[in-house]
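This report covers a ligand site and some backbone features. The sequence and structure come first.

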Amino acid sequence: MHIAQRARDAEPFHALAFGQRAAALEAAGHHVVKLSIGEPDFGAPPAVRDAMREAMDGRPLPYTPALGLPALRDALARFYREKHGVVVDAARIAITSGASSALLLVTAATTDPGDDVLIADPSYPCNREMVRSFGGMPLLVPTSAATRYQLSVDAVADAWSDRTTAVMIASPSNPTGTSIPPAELAAICDLARSRDAWRIVDEIYLDLADPAPGGAPARTVLALDPDAVVIGSFSKYFGMTGWRLGWAVLPEALVPVVERLAMNYFLSASAPAQLAALAAFAPESLALCEERRLELARRRTIVLDGLAAIGLPVPVEPDGAFYVYIDVSGTGMDAWRFCEEVLQHAHVSLTPGRDFAVATARTHVRLSYAASPADLSEGIARVGAFLDSRRRES
Ligand SMILES: Cc1ncc(COP(=O)(O)O)c(C=O)c1O
C-alpha cells in the first residue's frame with residue numbers, strides 16, 4: 001500500500017532511540033538518570049487534579065465548541081490581562097490539543113506549497129515537519145551564541161526571499177532555554193509585518209522565563225505586535241503535558257479560518273481537560289506554578305555550576321524553560337557518540353543536537369533540568385566521572 005511522501009520524509013525524534021536504550025538499561029536493573037525529557041516532574045497543580053475528578057462525576061462530556069470552552073478562553077484572556085498587561089479578546093483565543101495542535105492548525109492556515117518559512121537553527125524540530133507537510137519549505141536561519149541562538153533582524157533580512165510568508169520564533173527556545181531580546185523581536189516583527197508575512201511566536205515557555213529587569217514577567221510578543229500569532233500551552237508552566245491542552249492567540253482574520261480547520265481536524269480539544277484547566281487559574285494554582293518556576297531557576301544554577309565544575313561549557317546560559325545546550329566538542333566525541341557513551345557507561349540520558357540543529361548537530365547536546373535536584377547532581381557527577389576516566393585512559 002502507498003505511504004504518503006510527507007510521512008516517508010518526516011524525521012523521527014532521535015531522542016526516542018536513546019529513550020528506548022535507557023528503558024532497556026532500566027529493565028536490566030540499572031538506575032538511569034533521565035535528563036533528556038522535556039517535561040516538568042511536578043505534574044498538574046492539585047486544584048486541577050481535583051477539578052478533573054469532579055469532571056468525571058458521570059456527566060456526559062460532549063464536544064466543546066471547536067475553539068474551546070468559552071469559560072477557558074475567558075480565563076486565558078484574563079491571565080494575559082492580569083499577568084502580562086495585554087488586552088486580548090477571548091474571541092481571538094483558540095483552545096487546542098496542546099501547542100502541537102495549535103502549531104499544526106496555524107501552519108495549515110498559513111502555508112501554501114512553495115512558501116518559505118524562516119526558522120532558527122537550532123529550534124524545536126516539529127515545526128519543520130509541519131511546514132513541510134503543507135508543502136512549505138522551512139528555511140533554517142543560522143544563529144550563533146552571539147545572538148543567544150535566536151534570530152536577529154539582520155539574519156532574517158538576509159534569509160528573506162520573495163516566497164517568505166512567515167517567521168517562526170520560540171522564546172524561550174527549545175533546546176537552548178534562551179529568549180530573544182524584546183528589541184530584536186520587535187524589529188523582526190516590524191520587518192515581517194511590513195512585508196505582509198506572519199509572525200508566529202511560540203511562547204509555551206514564556207511563563208518559565210526569568211522576569212524582566214524590575215521584576216515584571218517576561219514580555220509577550222503581544223505587547224510589541226498585537227497581531228502576531230502566539231502559541232501557548234498548559235504543558236510546561238502548568239505541568240500538564242499529558243493532558244494535551246494548549247492554545248493559539250490569533251489575529252482576527254485567522255479566527256474563522258482556524259475554527260474551520262479545527263472543526264475538520266479535531267472537532268474540539270478534550271472536554272474534561274478543558275474543564276479541569278479552569279482550576280489552573282485559581283490563585284493557589286498560579287502561586288504554585290510561580291514557586292515551581294523559581295525551583296526550576298534554582299535547578300538551573302545546580303546544573304550550570306555542576307557542568308562548569310566538570311569542564312563542559314554552556315556557551316549561552318538559559319534564561320528560561322528548563323534546558324541547557326552544552327558544547328561537548330572539547331571532549332573529542334561528536335554529540336551523538338557523547339550521548340551514546342554517557343548513556344552506556346554513566347547511565348545518564350541526554351539528547352543529541354541532531355534532533356534540533358544543523359550547525360550544532362555534532363557539537364552540542366541538550367540537558368533538561370526538569371528533574372529532581374538529587375538526579376541532577378547525580379547525573380552530572382556521573383558524567384564528570386565518565387569524562388575523568390576517559391581522560392585517564394587516553
Ligand atoms: C518549543 C515547543 N513548542 C511546542 C511543543 C509542544 O508542546 P505541547 O505539549 O503543548 O504540544 C514543545 C514540546 O516540547 C516545545 O518544546
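A residue is taken to be near a molecule or strand if its C-beta atom, placed from the backbone, lies within 6 Å of it. The model is predicted: local features need pLDDT of at least 70, side-chain atom pairs count only at pLDDT 80 or more, and totals for chains, interfaces and linings use all residues. Numbering starts from 1 along each chain as its sequence is written.

## Ligand shell

The ligand is surrounded by 13 residues, the closest being Gly98, Ala99, Ser100, Asn174 and Ser233. With three residues, helix α5 (residues 98–110) gives the most to this shell. Helices (H or I, at least four residues) and strands (E, at least two) are DSSP runs, numbered from the N terminus.

By class, the shell holds four nonpolar residues, eight polar and one charged. Here Ala, Val, Leu, Ile, Met, Phe, Trp, Tyr, Cys and Pro count as nonpolar, Asp, Glu, Lys and Arg as charged, and the others, Gly among them, as polar.

## Cis peptide bonds

Aspartate 121 and proline 122 are joined by a cis peptide bond with omega about 10°. Proline 122 sits in the loop between β3 (116–121) and α6 (126–133).

Another cis peptide bond links serine 171 to proline 172, with omega about -10°. The loop between β5 (164–170) and α8 (182–194) contains proline 172.

## Positive phi

Arginine 244, although not a glycine, has a positive phi of about 55°. This arginine 244 is in the loop between β7 (229–233) and β8 (246–249).

Histidine 347, also a residue other than glycine, has a positive phi near 55° and lies in the loop between α12 (335–346) and β10 (348–349).
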